[in-house]
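Student: I would like to study this structure by asking questions about its rings and its loops. May we begin with the terms that the discussion requires?

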Amino acid sequence: MSYKVRIQASAGSDSLGSQSISLGTEMNMLLPHCSRAKFLSQDQINEFKECFSLYDKKQKGKIKGSDLLAVMRCLGVSPTPGEVQRHLHLHKIERNAELDFSTFLNIMYRQMKQEEPEQEILRALAMIDRQKRGVITVSELRAKLTRLGEKLSDEEVDDLLKGAKIGPNGTIKYEDFVHMICLPAADY
């Protein structure tokens with residue numbers, strides 16, 4: 001089962017306007033209460049729908065609340081079980097009840113905005129920058145990336161640093177660096 005999803009931007013919005021994306025059958029699912037969907041790209045909505053459909057066992061356009069955590073993690077977000085419960089509670093959905101695709105889009109948008117990896121990375125690097133100059137040394141960055149949290153290998157750090165602008169004194173403007181590494185990869 002596939003859907004056509006029509007997303008309408010509110011009056012006065014910049015460039016989205018009204019657009020339809022075809023995801024299959026003639027069912028037209030309007031998203032009037034899901035204004036956040038206008039901030040999702042067509043590719044994101046297609047990807048979300050594909051994954052959502054895998055968990056839509058009865059092919060009714062709904063998934064179980066108990067499957068929400070798995071579906072979201074399959075799509076690259078990392079909600080905790082508590083966050084999933086809060087999303088369900090916000091939409092007045094019991095864990096054993098079902099949610100439709102429109103609600104799912106709203107939940108995904110909220111979770112993605114909440115995680116915002118670029119802002120998280122910037123905050124972490126700002127803590128290293130004791131003088132608050134907006135720069136950190138490459139050696140300090142390398143040490144943090146290879147020794148803390150989800151440790152990267154030296155090769156992975158080298159790959160990250162390839163496009164970085166390293167100053168003559170071995171420093172990186174971390175805001176530029178984070179922006180560069182958070183850009184979506186080219187898929188062409």
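Tutor: Rings of Phe, Tyr and Trp (its six-membered ring) pair if their centres lie within 6.5 Å; planes under 30 degrees apart count as stacked, over 60 as edge-to-face and the rest as tilted. The model is a predicted one, in which local features need pLDDT of at least 70, side-chain atom pairs count only at pLDDT 80 or more, and totals for chains, interfaces and linings use all residues. Residues are numbered from 1 along each chain as its sequence is written, and side-chain values use heavy atoms, with hydrogens and water left out.

Student: How many aromatic pairs does a search of the whole structure find?

Tutor: A pair of aromatic rings is described by the distance of the centres and the angle of the planes. Searching the whole structure on this basis gives a total of 4 aromatic pairs.

Student: What kind of pair do the rings of F48 and F104 form?

Tutor: The ring centres of F48 and F104 are 6.4 Å apart. Their planes meet at 80°, so the pair is edge-to-face.

Student: How many residues apart in sequence are the parts that the pair of F48 and F104 ties together?

Tutor: Helices (H or I, at least four residues) and strands (E, at least two) are DSSP runs, numbered from the N terminus. F48 belongs to helix α1 and F104 to helix α4 (residues 101-115). The pair therefore ties together parts whose separation in sequence is 56 residues.

Student: Is F104 buried or exposed?

Tutor: Buried means under 20% relative accessible area, exposed over 50%, and partly exposed in between (1.4 Å probe, protein chains only). F48 has 3% relative accessibility and counts as buried. With a relative accessible area of 0%, F104 is buried.

Student: Which residues do ring pairs link into a cluster?

Tutor: F48 and F104 form an edge-to-face pair. Ring pairs link into one cluster the residues F48, F52, F101 and F104.

Student: With which side chain does the side chain of T103 make a polar contact?

Tutor: T103 lies in helix α4 and is buried, at 12% relative accessible area. A polar contact is a pair of N or O atoms within 3.5 Å; within protein, one must be able to donate a hydrogen and the other to accept it, and residues adjacent in sequence count only if both atoms are side-chain atoms. At 2.7 Å, the partner of the T103 side chain is the side chain of D100.

Student: Where is Q59 found?

Tutor: Q59 has a positive phi of about 55° although it is not a glycine. Q59 is exposed, with a relative accessible area of 52%. Its place is the loop between α1 (42-55) and β4 (62-64).
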